[in-house]
Amino acid sequence: MLKIGLTGGIGSGKSTVAKIFETLGIPVYYADDAAKELMNTDAELKKQIIKNFGTAAYTNHKLNRSYLASIVFADKQKLEILNSITHPATIRAANEWIAEQKGPYIIKEAALLFESDAHKHLDAIIGVSSPLALRIKRVMQRDNLTEADVQKRINRQMDEAEKMRRCDYIIHNDESTLLIPQVLALDKKLRTMATAAM
Ligand code: ADP
C-alpha cells in the first residue's frame, strides 16, 4: 500500500481535494484534526505540553487553544518547541492508523507536511496550489477572519512556491482548472503505481 501525502497552504483547497479522494474510496488521514485530538487525549503529550507551557495550557483537561496560540504565534522558538513535542506523537498516530487501512494507497492530508518531516515517511506528495488572493478570499469566508488575520496565518507557513517545488504532483485549484478531472487522473496514476509496487 502506498502512502501519499497531500499538502498545500491554508485555503489552497487541500481538504476539498482530500474529500474527492475519499469519494473514490481512498482512506484519508486528516493529520491536523488528529493532532488537535491527540493534544486532548494523549497522556504523554499532555504532560510535555504542561511541562513546557504551564498548567494554563489546559482548562478542565481540555487544551486551551487560544492561550497556547497566543504564546507560540508570538514567539518562533516556542512554536518550534510545540512542534517538536507534537510531531513525533502525530507521526506515530498516523502510522498506527495506516497499518489498519486497506486499499491501493492512503492519503495523509496535512498543512505542515515538510515542516514536520512527515514527508520522509511517505512515497509521494501531492501539492494543492492556488493563487494567493483566492486563498485569502476563501479563508476569510470559511473562518470569518479579516484579511490581515489570514495574511498572518499564511506568513507563518512555508513559502508556497517552495512547498510546491518539493511536491511530486500538483493539483491546481484556481477557479479555471476543474478539480475533479485532475483528481481522477491522479487516482488512476497512483493505482497503477500501487499495483507496480506490489
Ligand atoms: P485548506 O484545507 O487547504 O485550508 P479548504 O479545502 O478548506 O482549504 O478550502 C478553503 C475554502 O474554500 C473552503 O470553504 C472550501 O469549501 C472552499 N473551496 C476550496 N476549493 C474550492 C473550489 N474549487 N470551488 C469552490 N470552493 C472551494
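**Notebook: pockets, ligand site and cavity**

I began with the second largest pocket and noted that G11, S12, G13, K14, S15, T16, R138, V139, R142 and N173 line this space. The model is a predicted one, in which local features need pLDDT of at least 70 and side-chain atom pairs count only at pLDDT 80 or more, while totals for chains, interfaces and linings use all residues. Residues are numbered from 1 along each chain as its sequence is written, and side-chain values use heavy atoms, with hydrogens and water left out.

For the terms, I worked on a 1 Å grid over the protein atoms alone, where a cavity is a set of points that a 1.4 Å probe fits but cannot leave, a pocket is an open set with protein on both sides within 12 Å along at least five of seven lines, and a lining residue has an atom within 4 Å of a point. I looked up the volume of the second largest pocket and found about 160 Å³, a volume being the space filled by probe spheres set on grid points that are joined across faces, edges and corners.

I then asked which elements supply at least two residues each to this lining, and they are α1 and α6; helices (H or I, at least four residues) and strands (E, at least two) are DSSP runs numbered from the N terminus. By class the lining of the second largest pocket holds one nonpolar, six polar and three charged residues, where Ala, Val, Leu, Ile, Met, Phe, Trp, Tyr, Cys and Pro count as nonpolar, Asp, Glu, Lys and Arg as charged, and the others, Gly among them, as polar.

Next I checked where the ligand sits, and the space it takes is the second largest pocket, the criterion being that more than half of its atoms lie within 2 Å of the grid points. Around the ligand I listed G9, I10, G11, S12, G13, K14, S15, T16, R138, R142, N173 and L179, each with a heavy atom within 4 Å of the molecule. The largest share of this shell, three residues, comes from α1, and by class the shell has two nonpolar, seven polar and three charged residues.

For polar contacts (pairs of N or O atoms within 3.5 Å), I noted that a polar backbone atom of G11 is 2.8 Å from an oxygen atom of the ligand, that a polar backbone atom of G9 is 3.5 Å from a ligand oxygen, and that S12 brings a polar side-chain atom to 3.3 Å from an oxygen of the ligand.

I turned to the largest pocket, with a volume of about 1500 Å³, which is lined by 45 residues, with D32, K36, R65, F73 and L112 nearest its centre. The largest share of that lining, nine residues, comes from α5, and the lining of the largest pocket divides into 19 nonpolar, nine polar and 17 charged residues.

Last, I searched the whole structure for cavities of 30 Å³ or more and found one. The largest cavity holds about 40 Å³ of space and is lined by K3, I91, A94, N95, I98, K108, A118, H121 and L122. Here α5 gives the largest share of the lining, four residues, and the classes are five nonpolar, two polar and two charged.

Notes
Polar contact = N/O pair within 3.5 Å; in protein donor to acceptor, adjacent residues only side chain to side chain.
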